[in-house]
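This report walks through a structure step by step, for a reader who is new to looking at such models. Please keep the sequence and the 3D view at hand while reading.

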Amino acid sequence: MAAINWGFAISRPRVIDVDHNNLRKSDEILLEMPELQSCIGCGACTASCTAGNLTQFNFRKVHTLVRRGEYQGAYEEMNKCMLCGKCRLLCPRGINTRGVVMLIKRKLGDF
Amino acid sequence: MERVIVIGGGVAGMKAALDLRRRGFEVTLLEKSRHLGGKVRKWHCLFPTFTSAAEVLGGLKAEVADSDIEVRLEAEVVSFDNRSVTLASGEKLACGAVVLATGFTLFDARVKEEYGYGIYDNVITSADLEEMFRNGRVALRNGERPRRVAFLHCVGSRDEKVCQRHCSKVCCVTGVKQAIEVKKLFPEADVFNFYMDIRMFGPGYEEMYREAQLSHNIHFVRGRISEASPTIDGRLQIKAEDTLTGRPLKMSVDMLVLLVGMRSNDDNVHLAEQAGVPLAPNGFFAPKDMFAGNVCSPRKGVFYAGAITAPKSIGEVLNEGSAVADAVTEYLS
């Protein structure tokens with residue numbers, strides 16, 4: 001039977017459901033680079049971001065979502081990074097932000 | 001030398017009494033309960049060094065016991081002025097100056113009904129968790145080990161809905177300290193801290209926060225939990241916004257720890273009115289000024305020490321015990 005078009009659809013919930021997310025990749029990333037966990041969310045990386053000034057790319061948001069187990073689209077987002085490294089000069093916690101970009105791309109290439 | 005009466009036998013009162021006695025005054029220390037030590041008696045370890053609370057308290061109590069300070073337990077004060085203190089028994093004690101060191105009241109977490117304290121098993125306060133640490137056994141109500149623990153900051157602080165607009169200051173670092181302690185007990189457990197701001201104001205605090213993140217893999221989510229509800233398998237579901245990603249977030253936890261704040265004592269209103277001294281809008285006593293006169297009241301002969309004027313850490317309270325002895329000495333000489 002063909003699907004009936006009722007003229008409306010149900011939106012996917014936007015909620016981050018930590019219980020249903022698989023945190024294995026997130027744990028692997030944090031194990032390889034524990035310094036990412038020390039992010040205090042100041043936003044200096046995103047404020048200085050060359051790519052972020054030209055596109056919707058938001059480094060802080062993407063790596064925070066990855067840490068919560070939300071991997072969908074993270075690889076594509078990280079591909080917007082130009083690896084200019086300005087964020088790394090600014091990070092008050094001294095996180096190797098470019099390393100984070102490369103790590104997430106390596107771990108989440110198949111998402 | 002004249003007699004000085006210190007009201008309140010917590011760390012502030014004991015330190016003030018000791019320093020006043022050392023300067024030669026006759027000192028009477030009044031304590032409402034049956035024990036000296038105040039709120040610190042119920043604490044296990046102190047931030048940021050994990051020093052045992054009993055060690056800090058034990059030193060002070062031993063010094064008080066060795067001195068000839070007159071200690072009166074179960075002595076409740078009904079009124080006072082700068083020359084006398086009246087007890088609930090009707091007895092009136094004469095003095096040259098009064099040091100008020102009656103501290104604070106812990107916020108009653110039941111008031112924030114949405115978190116279910118007193119309704120659901122395994123919703124506990126930071127004070128309850130300290131008691132578990134002191135008893136040497138941290139477990140869920142059914143005796144099991146928690147697999148996921150959430151800490152909620154600012155319960156009864158910075159919250160107009162419960163008439164507590166002020167910041168209680170020490171809960172942030174307490175939350176980090178307790179998260180580390182829980183993680184040390186249950187290394188396999190996930191520990192999440194939900195915060196509005198993390199305010200690490202003291203020496204070693206920020207370093208401790210960083211250590212919690214780096215060495216203990218404790219997760220920090222910026223967002224206030226809106227509610228806790230029971231799940232079908234007897235756990236707790238919590239909802240918050242992960243404000244750094246701009247999306248709502250939910251998860252189930254085994255234990256929810258509410259970091260309860262410090263509020264002003266209910267009897268501050270009565271005591272301030274009869275002594276003719278002002279209260280700050282948050283109900284704590286307002287000192288003469290915030291800088292040079294922060295242990296003095298606007299009224300001559302009435303002094304303050306410790307968390308009576310605002311939430312403070314134990315180190316700060318001990319300093320005020322010494323500072324007030326200096327101010328009283330200057331006043332009486």
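This is a predicted model: local features need pLDDT of at least 70, side-chain atom pairs count only at pLDDT 80 or more; totals for chains, interfaces and linings use all residues.

## Terms and a starting point

Helices (H or I, at least four residues) and strands (E, at least two) are DSSP runs, numbered from the N terminus.

Is B:Tyr120 buried or partly exposed? B:Tyr120 counts as partly exposed because 17 C-beta neighbours lie inside 10 Å, while a residue is called buried only if 20 or more other C-beta atoms lie within 10 Å of its own. Leaving aside residues up to four places away in sequence, B:Tyr120 touches B:Ala228, B:Pro230 and B:Leu236. For B:Ala228, which lies 108 residues from B:Tyr120 along the chain, the separation between the two C-alpha atoms is 9.0 Å.

## Two domains in chain B

The domain assignment divides chain B into domain 1, made of residues 3-104 + 264-332, and domain 2, made of residues 109-262. The C-alpha centres of domain 1 and domain 2 of chain B are 31 Å apart. Where they touch, 11 residues of domain 1 of chain B are in contact with 18 residues of domain 2 of chain B, and the domain 1 side of this contact consists of 7 nonpolar, 3 polar and 1 charged residues.

## Parallel strands and a covering helix

Strand β9 (97-100) of chain B has both of its faces covered, with B:Ala97 and B:Val99 buried on one side and B:Val98 and B:Leu100 buried on the other. This arrangement can be read alongside a general rule: in a regular strand the side chains alternate between the two faces of the sheet. β9(B) pairs with β1(B) in the parallel sense over 4 bridges, and within this pairing the partner of B:Val4 is B:Ala97. β9(B) is also joined to β20(B) by 3 bridges, again running parallel, and here B:Leu100 has B:Tyr304 as its bridge partner.

Helix α7 of chain B covers residues 314-332, and its 19 residues reach 27 Å from the first C-alpha to the last, close to the 27 Å expected at 1.5 Å a residue. Several residues of α7(B) are buried, among them B:Ile314, B:Val317, B:Leu318, B:Gly321, B:Val324 and B:Val328. An α-helix has 3.6 residues a turn, so residues three or four places apart point the same way. What covers the buried residues of α7(B) includes the strands β1 (3-7), β9 (97-100) and β20 (302-304), as well as the helices α1 (11-22) and α2 (53-66), of chain B.

## A sheet of three strands

Chain B also has an open sheet of 3 strands in the order β6-β7-β8, with antiparallel pairing. Its edge strands are β6 (77-80) and β8 (92-94), each of which pairs on one side only, and the twist averages 20 degrees from one strand to the next. Strand β7 (residues 84-87) of chain B is joined to β8(B) by 3 bridges, and B:Thr86 stands opposite B:Lys92 in β8(B).

The peptide bond from B:Phe47 to B:Pro48 is cis, with omega near -10 degrees, and B:Pro48 lies in the loop between β3 and β4 (51-52) of chain B.

B:Arg158 is partly exposed, because 18 other C-beta atoms lie within 10 Å, whereas B:Lys169 counts as buried, because 20 C-beta neighbours lie inside 10 Å.

## Where chain B meets chain A

In the contact between the two chains, 14 residues of chain B are in contact with 17 residues of chain A. The elements that give two or more residues to the chain B side are α5 (205-214) and β17 (247-253), and the largest share, 6 residues, comes from β17(B). By class, this side of chain B has 5 nonpolar, 4 polar and 5 charged residues.

Strand β1 (residues 16-17) of chain A pairs with β17(B) in the parallel sense over 2 bridges, and the bridge partner of A:Asp17 in β17(B) is B:Lys250.

How values were computed. Residues are numbered from 1 along each chain as its sequence is written. Chains are lettered from A and ligands numbered from 1 in the order in which they are written. Two strands pair if DSSP finds at least two bridges between them. Axes are lines fitted to C-alpha atoms, for helices over the stretch in contact, and angles run from 0 to 180 degrees between N-to-C directions. Domain bounds come from an automatic or database domain assignment. Two residues are in contact if their C-beta atoms, placed from the backbone, lie within 7 Å. Ala, Val, Leu, Ile, Met, Phe, Trp, Tyr, Cys and Pro count as nonpolar, Asp, Glu, Lys and Arg as charged, and the others, Gly among them, as polar. The expected span of a helix is 1.5 Å times one less than its number of residues. A residue is buried if 20 or more other C-beta atoms lie within 10 Å of its own, exposed if 12 or fewer, and partly exposed in between; C-beta atoms are placed from the backbone.
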